[in-house]
Amino acid sequence: MIQKTKEQFQEDFKRTLLRKFPVELEEASDYELYQALGSLVKEYQAQAWTKTQKRYRQYHEKQVYYFSIEFLLGRLLGSNLLNLGIRDVAKEALADLGLSLAAIEAVEVDPGLGNGGLGRLAAAFMDSMASSGIPGQGMGIRYKYGLFRQQFVNGYQVELPENWLRDGNVWEYRRADEAVTVKFYGDAWMEPQADGSLKCHHTGCEEVLAVPYDTALIGYENRTVNTLRLWAAEEPYSPTSEHLKAPLDYQKSLSHKRSIEAISEALYPDDSNYEGRLLRLKQEYFFVSAGIQDIVRKYKESGAPMALFHEAAAIHINDTHPALCIPEFMRILLDEEKMEWEQAWAITQKVMSYTNHTILSEALEKWPREMMRTLLPRICLIIEAIDQFMRKELLERTKDPTLVEEMAVLSGGQIRMAHLAILGSHSVNGVAKLHTDILIKQELKNFYGVYPYKFNNKTNGITHRRWLMLANPELSSLLDDAIGTSWRRNPQDLKLFKHYKRDAAMQERTARIKRNNKERLGRFILQRTGLTVDPQSIFDVQVKRLHAYKRQLLNALHILHLYHELLENPNLDLWPRTFIFAAKAAPAYYYAKEIIKFINSLAKTINEDPRIGGRIKVVFLENYGVSLAERIIPAAEVSEQISLTTKEASGTSNMKFMMNGAVTLATLDGANVEILREVGEPNIVIFGLNEQEVLDYHRSGGYISRDLYNSNEKIRRVLDSLINGFIPGIASEGHDLFQSLVDYNDEYFLLKDFEAYAAAQERINGYYQDAFLWNKISIENISSSGAFSSDNTVRQYASGIWETRIMER
């Protein structure tokens with residue numbers, strides 16, 4: 001925590017501004033003010049950062065290295081000021097200078113380092129590790145463009161480059177002195193030696209320079225500053241690739257340079273073709289190899305023997321993208337440290353741990369063996385050796401060759417990355433109780449049968465500092481008044497707010513804050529879309545990655561149903577409703593992009609229809625990201641968590657909405673099950689097929705969606721509206737959606753759950769009209785949300801998986 005008076009802060013700020021820009025305070029632009037303030041915060045954090053790293057070295061602290069393909073950080077200025085303990089001082093000091101902290105914070109661009117829940121969880125863990133005093137470092141890629149910037153053109157999603165680094169990044173430090181070399185392509189083979197050992201040769205390879213950029217991750221008022229290290233791909237200073245030894249013309253040299261830089265250019269390159277998949281594999285090995293080399297180098301500087309590496313480092317694999325950590329670490333132990341195989345494999349398993357984030361089989365990565373052999377010949381040899389080694393172990397344990405084939409890393413010419421991660425780690429965890437149960441009972445039951453001691457659950461969490469203290473300062477102040485400030489350090493103390501659930505005055509104050517947040521969001525929607533929304537309407541929100549299993553389409557079909565109902569009966573008992581969507585669809589995910597087009601066309605039709613008197617409004621906000629979520633979530637009153645049961649691993653938006661007092665409308669999927677347990681059945685609205693029913697349908701069949709289309713008049717009316725011109729502009733999209741739901745048997749059971757979903761929405765409508773009941777439920781949700789703090793989650797990882805120190809609060 002930094003101790004600064006208002007006057008000291010003002011002097012520091014003016015000095016920094018003048019040092020960076022030759023302008024007077026009165027003439028400085030918002031950009032110049034932001035750069036100056038960011039530089040000042042970096043200066044404030046620098047001493048704590050260096051002292052933290054020195055402390056870790058001096059006391060030989062075991063460090064956690066968290067590898068993730070995404071880190072969806074959000075803006076850092078506000079959170080850094082908050083965690084340094086000077087946000088209020090800065091706000092007052094700037095105000096006295098005639099400046100607005102909010103306006104300066106708005107200049108910052110969201111870092112283009114992630115897409116959805118995976119990246120947001122990684123960012124939350126980094127924040128919570130620092131705030132819990134857990135020695136740790138994030139390892140990822142410094143994407144130049146991130147995923148993409150989304151725009152809607154005639155209702156269609158259009159992808160544009162997200163050039164977030166155009167004006168530089170005030171928070172990062174380039175550490176070219178710690179760059180490492182990553183090798184691709186070439187030939188690898190093993191040469192027998194006189195002593196019976198094998199020597200590896202890797203020739204003709206292409207070398208890529210991996211340059212680290214470090215960002216400080218500041219703990220909340222505890223003087224702990226951890227590091228996020230992101231790697232950028234650059235051409236080596238002295239190219240040594242075989243094909244560059246011959247003379248090349250200038251254009252070919254530029255082309256080669258661009259091909260290298262493409263490795264760290266964009267998140268999730270299009271994998272619908274061979275070149276895109278190859279680039280993805282390049283990305284995964286690039287940051288894994290750079291990170292592992294970096295970790296080993298620093299460990300060796302301590303002088304400790306490699307045999308004790310597992311006592312100094314825990315390497316965590318966040319989903320399968322970094323699973324190549326395992327063979328890359330083995331490569332170093334075998335080729336550079338000259339270890340015997342059995343010892344190297346034992347150390348690797350002690351060091352590595354793996355989090356599974358998906359139940360969807362298509363999301364479990366597989367790479368063609370030939371692609372791996374071409375791009376990463378030495379790594380492919382090691383994976384083949386791991387496969388053979390583990391096949392022997394599995395056969396000894398199971399006595400079943402068929403089972404061994406099902407569990408093997410290599411099968412059918414494919415390298416199964418989840419299998420590699422499981423076999424090469426000492427811990428495998430799911431991210432919600434239901435998710436973990438499904439893994440051990442179904443998806444990974446063979447592995448659980450052989451290695452039950454590896455499997456455990458660690459339910460995801462969110463950082464209350466960003467999603468409550470920063471995103472909803474009015475509610476945070478109310479909580480301070482009501483229950484004191486201990487919840488800021490220990491979010492479990494939010495449960496104390498439960499005592500006020502029937503207090504009329506506290507209900508009114510809570511409801512007023514929600515109304516203020518709705519009005520602010522309404523002004524933002526008007527500015528961005530030109531649509532006026534009623535702050536007295538129910539703000540019903542579904543914001544998350546666009547995927548068929550998340551069932552944004554179910555929400556939209558129900559909106560279409562309500563529209564028909566209002567046209568038939570203008571006196572329908574329906575409280576005015578504003579439906580808010582925000583989501584990106586992967587560029588190659590055509591079906592998801594059709595859903596976006598349908599929702600936008602539905603919104604245009606409804607919003608422009610005077611017959612319904614504005615009782616329903618639909619808005620789809622562009623370019624969803626962390627900063628947009630910070631605007632939407634505090635204003636939300638209904639949280640749509642309606643994925644098909646068994647498909648969502650956990651979800652974290654459900655927790656963020658809950659923490660801000662929204663009522664969850666949900667299936668019993670992912671962490672919704674645990675939210676139900678925490679908040680109680682009267683304070684959440686549950687609908688839809690349960691786990692067993694979904695699994696029974698998958699095993700035995702029996703679901704025929706066309707029967708529902710033929711027998712249910714409401715469903716038929718809604719689906720016919722997709723193809724009969726009722727909604728203009730969706731002839732092609734409507735036809736495809738209709739076919740998916742009727743002709744192709746509705747893969748995610750939207751029609752099966754439709755009536756239950758409509759009934760759940762009617763319950764929401766009734767609850768909202770009872771203000772005392774609604775406000776009571778809202779307070780119940782806020783007070784129960786502390787159980788889902790990522791501070792609690794990372795402490796469970798630290799004690800149960802990483803075996804590293806946790807700082808006492």
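Predicted model: local features only at pLDDT ≥ 70, side-chain atom pairs only at ≥ 80, totals over all residues.

Mentor: We begin with S784, which is found in helix α30, a helix made of residues 771-784.

Trainee: Is S784 buried or exposed?

Mentor: The general idea is that a residue counts as buried when its relative accessible area is under 20%. Here S784 has a relative accessibility of 6%, and therefore it counts as buried.

Trainee: Which residues is S784 in contact with, leaving aside its neighbours within four places in sequence?

Mentor: With those neighbours set aside, S784 is in contact with K498, M658, E678 and V679.

Trainee: How many cavities of 30 Å³ or more does a search of the whole structure find?

Mentor: The search finds five cavities of that volume, and the largest cavity holds about 180 Å³ of space. It is lined by 17 residues, of which L76, S79, A123, D127 and R466 are the closest to its centre.

Trainee: Which elements each supply at least two residues of that lining?

Mentor: For the largest cavity, they are the helices α3 (77-84), α6 (117-131) and α17 (464-470), together with the strand β9 (206-218).

Trainee: What volume does the second largest cavity have?

Mentor: The volume of the second largest cavity is about 80 Å³. Among the 15 residues that line it, K544, Q641, S643, E648 and N672 are the closest to its centre, and the lining divides into two nonpolar, eight polar and five charged residues.

Note on methods: Residues numbered from 1 in each chain as written. Heavy atoms only, no water. Helix = DSSP H or I, 4+ residues; strand = E, 2+ residues; numbered from the N terminus. Buried < 20%, exposed > 50% of the residue type's maximum accessible area, 1.4 Å probe, protein only. Contact = heavy atoms within 4.5 Å. 1 Å grid on protein atoms, 1.4 Å probe; cavity = no way out; pocket = protein on both sides within 12 Å on 5 of 7 lines; lining within 4 Å. Points joined across faces, edges and corners; volume = space filled by probe spheres on them. Nonpolar A, V, L, I, M, F, W, Y, C, P; charged D, E, K, R; others polar.
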